[in-house]
Amino acid sequence: MNQRTVVYFLMTIPAWMLFFIFHTYPSLQGIYYSFTDWKGYGDWNFVGLKNYIHVFQDDRALNAYFFTFKFAIISTILVNVISLMIALGLNSKIQFKSTLRAVYFMPNILSILIVGYIFNFIFAHFIPDLAETWGITAFSKNILGDSDFAWIGIVIVAVWQAVAFNTILYLAGLVTIPGDLYEAGEIDGAGPWQKFWSITFPMIAPFFTINMVLAMKNFLMVFDHIMALTGGGPGQATESISLLIYRGGFEGGEFAYQSANAVIYFIVILVISVVQIRLLQRREVEL
């Protein structure tokens with residue numbers, strides 16, 4: 001073994017050990033306990049697939065799955081549409097372009113909990129007070145306290161913060177498009193929409209795939225936004241899967257049961273991500 005190989009091992013083995021200790025081992029331990037009735041303390045017994053079967057019969061878990069998927073799908077679409085529009089604007093020949101890019105990226109560096117608490121004040125006090133002053137009764141109540149509309153407030157905050165990162169990725173894709181293509185399109189008489197659909201979108205298709213997959217995965221694992229805004233309420237109207245697993249596992253004495261729920265949810269996210277990548281990559285080839 002030469003000196004270079006030894007150096008490579010010295011650089012990678014500590015990282016591998018840390019990853020195994022703090023990620024792989026706890027994950028394997030959670031899978032192991034998902035086949036038991038352990039509450040997080042005391043004795044336990046093997047129960048086989050009982051926890052996994054119970055998840056599919058649990059109305060609270062099914063409601064959490066429904067809310068999480070609704071939130072993730074709507075937020076993913078909104079984030080990609082808005083961030084692509086902003087990226088196109090920031091990539092055009094406008095003044096203060098660099099300054100605007102920095103401003104739009106600021107939400108991404110702010111703590112999610114801090115942002116959540118700020119928006120909690122805006123939804124609870126600022127907007128209702130303003131609406132009452134202007135006589136707009138439809139917005140005079142805190143939407144986070146309404147079980148039918150609380151999810152909209154969470155979507156607004158999550159999209160507002162996530163747009164920053166996706167915009168940067170789209171900008172990275174837009175700067176790779178050669179200007180010659182647009183000049184050729186203008187010579188052929190292509191309008192703005194034709195140039196976007198025939199040149200811009202096909203050229204940034206790989207970035208669209210990355211943004212869609214990352215956004216969907218992140219929104220499916222939503223936790224902090226809900227903790228800061230609604231805590232899963234009113235009632236259980238905005239309870240996501242991650243929040244349910246955390247509460248049931250660490251606060252409700254359901255460690256083994258929620259471990260099974262976590263394993264199921266991991267498989268669901270993995271399948272969705274793989275399907276998304278396959279479909280969108282196939283579309284890249286067609287474009």
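Reader: What is the mean pLDDT of the protein, and what are the ground rules?

Author: Residues count from 1 along each chain as its sequence is written, and side-chain values use heavy atoms, leaving out hydrogens and water. In this predicted model, local features need pLDDT of at least 70, side-chain atom pairs count only at pLDDT 80 or more, and totals for chains, interfaces and linings use all residues. pLDDT is the predictor's confidence in each residue, from 0 to 100. In the protein, 98% of residues reach 70 or more, and the mean pLDDT is 88.

Reader: How many helices and strands does the protein have?

Author: Both are DSSP runs, numbered from the N terminus: helices are H or I with at least four residues, strands are E with at least two. Along the sequence the pattern reads α-α-α-α-α-α-α-α-α-α-α-α. The count is 12 helices and zero strands.

Reader: Which helix has the lowest confidence?

Author: Where pLDDT is low, predicted coordinates should not be read in detail. Confidence is highest in H3, at a mean of 93. The lowest mean is 77, in helix H4 (residues 97-109).

Reader: What is the volume of the largest pocket?

Author: A pocket is an open set of points on a 1 Å grid over the protein atoms alone, where a 1.4 Å probe fits, with protein on both sides within 12 Å along at least five of seven lines. Grid points are joined across faces, edges and corners, and the volume is the space filled by probe spheres set on the points. For the largest pocket that gives about 910 Å³.

Reader: Which residues lie nearest the centre of the largest pocket?

Author: Lining residues have an atom within 4 Å of a point. Of the 23 lining residues, the nearest to the centre are Ser27, Ile245, Ala262, Val263 and Phe266.

Reader: Which helix gives the most to the lining of the second largest pocket?

Author: The second largest pocket has a volume of about 470 Å³. Among its 15 lining residues, Leu88, Asn91, Ser92, Tyr182 and Thr200 are closest to the centre. Helices H3 (59-91), H7 (179-187) and H8 (192-203) give two or more residues each. With five residues, the top contributor is H8.
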